[in-house]
Structures are given as structure tokens and as C-alpha cells.
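Welcome, and take a moment to look around before reading on. The report below walks through some side-chain contacts, one group at a time.

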Amino acid sequence: MSDDQSYSPEAPFGRIKIRVSALVFCGDEVALLRRDRPDDIHFFTTIGGNVSAGEPLDSALARELEEELALAPGSGTEPELLWLMDARVTRPGNTPSPRKLHLIYRLHVSPDVRRALATLEFDELAEGGHEVGHVQWIDYRQAADLPMFPPIGAALAQLASPTARPSTVGLPAVTDDEYSWI
């Protein structure tokens, strides 16, 4: 596309959204949301959601953690940015898919805090009703082969420990060539 052309919000990836999420660790296990599909197909997502217009990133992350896990601010370690991923993936439905920048944070909770966290998450659907997400704790080293979005399973499994610094913050971009929705 030449410099004199502009993107239309109605075109695929013509809008940019920011999604904050967290990998919440308790020891070697990390909390993920498991979404169940027909035919006994499951996929996983990180705990989080879209940032609202004008909302500070740290406020958005705190809001999402409270909504999805019932994790009150200050109940875990200070969230630290672990990874950034640029996603240009076509989603099902009639609405043009946005380009989405995923900011993936990490924090740690104690076993006592973990016991008090939510086990289910209810995502509102555009057509009404809810999609249920099951909070599942998984050994982070087993994440490589999980069907996950954003697709960070391999990077997660490669961490030397739950507190290890990754070698890079920027993960490879994901497009329709690498990922398709379940």
C-alpha cells in the first residue's frame, strides 16, 4: 500500500485494538481460560481483555484480572510486561477483524490467594448470553502444544522458570498464515 492510501476501519485490520492479559502463576502452574467448543474441542486464552478508549493499561489489566479471576489489586506480585505480540488474524463473524496488539504480563500469587480465585469466567456474547471460560491451572512447561490464543504456548514452555526473564519481549507476529480460529 502506498503512503497516499489510508486504511479504512471497515477493512480487515483497519482498526487497532490493544489487549492486556496476564499469566498468573502459582508456583509452576499458570492460570489459563479454557474455552470448550463442540466435538470436545478445547482452546485456551490468557486472562485478560481489550483496553477501553482512554483507559490506562495498568487499570485495564487490574479490571480484567478482577472481572475474570476475582483477583483484587495487590493480591499478587506487581505485574511485569513479559511479551508483546502483533496479531492480524481473521476472526469468525461479519465484523472486520482488527489488528490486535497483545501486551502479556506476568504476576505471581500465593496458594492461599489461588484458592480464593474464580474457577469460571462468563464472557458476554454479541448476540446475547455468555460463553463460559473454565480457569485451568497448567504446568507452564506443558503449554507448548496447547491450542492457545494468543499463540504463546511455545514461548511460555521455554521459560527456564516461572520467574525467568525471556530473551526478548517482542514475539513473532501472528497472521492468518500461522493461525486459524477454532
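## Charged partners and paired rings

Asp36 is partly exposed, with a relative accessible area of 33%; buried means under 20% relative accessible area, exposed over 50%, and partly exposed in between (1.4 Å probe, protein chains only). Please keep in mind that this is a predicted model, where local features need pLDDT of at least 70 and side-chain atom pairs count only at pLDDT 80 or more, while totals for chains, interfaces and linings use all residues. Residues are numbered from 1 along each chain as its sequence is written, and side-chain values use heavy atoms, with hydrogens and water left out.

**Salt bridges.** Searching the whole structure turns up 15 salt bridges. The term stands for a side-chain nitrogen of Lys or Arg within 4 Å of a carboxyl oxygen of Asp or Glu. Three of them are set out here:

| Salt bridge | N to O distance |
|---|---|
| Asp36 and Arg34 | 2.7 Å |
| Asp123 and Arg35 | 3.4 Å |
| Arg35 and Glu131 | 3.9 Å |

Strands (E, at least two residues) are DSSP runs, numbered from the N terminus.

Asp123, by contrast, is partly exposed at 30%. Salt bridges that share partners join Arg35, Glu121, Asp123 and Glu131 into one network.

**Aromatic pairs.** The whole structure holds two aromatic pairs. Rings of Phe, Tyr and Trp (its six-membered ring) pair if their centres lie within 6.5 Å; planes under 30 degrees apart count as stacked, over 60 as edge-to-face and the rest as tilted.

Phe25 and Tyr140 have ring centres 5.8 Å apart and planes at 70°, so this pair is edge-to-face. Phe25 is in strand 1 (residues 16–26), whereas Tyr140 is in the loop between strand 8 (130–139) and strand 9 (148–149), 115 residues apart. Both Phe25 and Tyr140 are buried.

Phe149 and Tyr179 make a tilted pair, 4.8 Å centre to centre with 50° between the planes.

Technical notes. Helix = DSSP H or I, 4+ residues; strand = E, 2+ residues; numbered from the N terminus.
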